[in-house]
Amino acid sequence: MKTITMKTKWEDITYSEFVMIDQIFSADIPENYKESNLIAVLTGEEEDTIASLPAMSFQKLVNKLKFLLDPPKKTKHKKNYTVNGHKYILQGDLTKITTAQYIDYMSYTKEDMTNLSKLTSVFLIPEGHNYNDGYEMCEVQRDVEDMPFLDVQAICFFMQTQLALYMIATADSLERDLKKQGKSKKEIEAQTASLRSTALRLLS
């Protein structure tokens, strides 16, 4: 009988696998179907192969799914990552982020805050390039899908927090300037509300 190996820890799960796992957990299907689908994802085998396993072998694999019940641990972001032979530099310095990056990031958050491959691709820059210059963004997003989920989670958490704090600081600075100009409270709130609400959304 074919030997089947299965991933049994979060550190080995890629981002694309995490997405599939999350979809399976959320699906309105019987528990045994969830188990077989999860095992298929974690083994890289076809669902028919898993379904044809002897009951005892299947149950042994089911027992190994228990790690999914524990939340993934938080890890620290790195300065660079190599995925599928491509080296990426994490642009975590907000003073160096371009207007185009900021616009793309905010656009992606409005599309779907859960699509981490798009959000991450804004800050992972291929070595030797400037943002979205001389490379395909879709290729970066495909590489993000093959990254360890814990790394993608670390990048997104770090960048969202940094951006949110930057927006709050910008709103505070703008408010001080407007007060010096003698602007009313209503005028000040009108000009700073968007920054503060976006920051709170990123932090939530």
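Okay, let's start in the middle of the protein: the largest nonpolar core has 53 residues, and the ones with the most contacts inside it are I39, L42, L68, Y105, F123, L124 and M147. Helix α8, residues 149-180, gives the most to this core, with 10 residues. A nonpolar core here is a set of buried Ala, Val, Leu, Ile, Met, Phe, Trp, Tyr and Cys residues joined through side-chain atoms within 4.5 Å. Buried means under 20% relative accessible area, exposed means over 50%, and partly exposed is in between, with a 1.4 Å probe and protein chains only.

Before I go on, two notes on where this comes from. This is a predicted model, where local features need pLDDT of at least 70 and side-chain atom pairs count only at pLDDT 80 or more, while totals for chains, interfaces and linings use all residues. Residues are numbered from 1 along each chain as its sequence is written, and side-chain values use heavy atoms, with hydrogens and water left out.

Which residues does L42 touch, not counting residues up to four places away in sequence? They are T5, M6, K7, I13, I21, L65, F67 and L68. Contact, by the way, means heavy atoms within 4.5 Å.

Now the whole chain. The secondary structure comes to nine helices and three strands. Reading along the sequence, you get α-α-α-α-β-β-α-α-β-α-α-α. The radius of gyration is 22 Å, well over the 17 Å that the globule rule gives for 204 residues, so the chain is more spread out than a compact globule. That radius is taken over C-alpha atoms, and the rule is 2.2 Å times the number of residues to the power 0.38.

Buried residues make up 38% of the 204 residues. Take the contacts with a separation of 6 or more: residues 24 or more positions apart account for 67% of them.

What about the surface? The chain exposes about 12200 Å², and carbon and sulfur atoms supply 51% of it. Those areas come from the Shrake-Rupley method with a 1.4 Å probe, and for residues only the protein chains shown count as cover.

On to charges. How many positive and negative side chains does the protein chain have? There are 25 positive and 29 negative, and the centres of the two sets lie 9 Å apart. Lys and Arg count as positive, Asp and Glu as negative, and His and the chain ends are not counted. Each charge is placed at NZ of Lys, CZ of Arg, CG of Asp or CD of Glu.

Next, a bit of backbone. Most residues other than glycine have a negative phi. Now look at N84, in the loop between β1 (80-83) and β2 (86-90): its phi is positive, near 50°. N84 is partly exposed, with a relative accessible area of 49%. Then there's N132, which is not a glycine but has a positive phi of about 55°. You'll find N132 in the loop between β3 (124-126) and α7 (137-146), and N132 is partly exposed at 42%.

Let me finish with helix α9, residues 185-203, where E189 sits. E189 is partly exposed, at 44% relative accessible area. E189 and L53 are 136 residues apart in sequence and 63 Å apart in space, C-alpha to C-alpha. A193 is in helix α9 as well, and the C-alpha atoms of A193 and A171, 22 residues apart along the chain, are separated by 8.1 Å.

L203 is another residue of helix α9, partly exposed at 41% relative accessibility. Leaving out residues up to four places away in sequence, L203 touches T161, A164 and I168.

Last stop, T109, over in helix α5 (residues 99-111). Is T109 buried or exposed? Buried, at 3% relative accessibility. Neighbours within four places aside, T109 is in contact with L119, R201 and L202. Look at that last one on your screen: T109 and L202 are 93 residues apart along the chain, and their C-alpha atoms are separated by 8.7 Å.

Technical notes. Helices (H or I, at least four residues) and strands (E, at least two) are DSSP runs, numbered from the N terminus.
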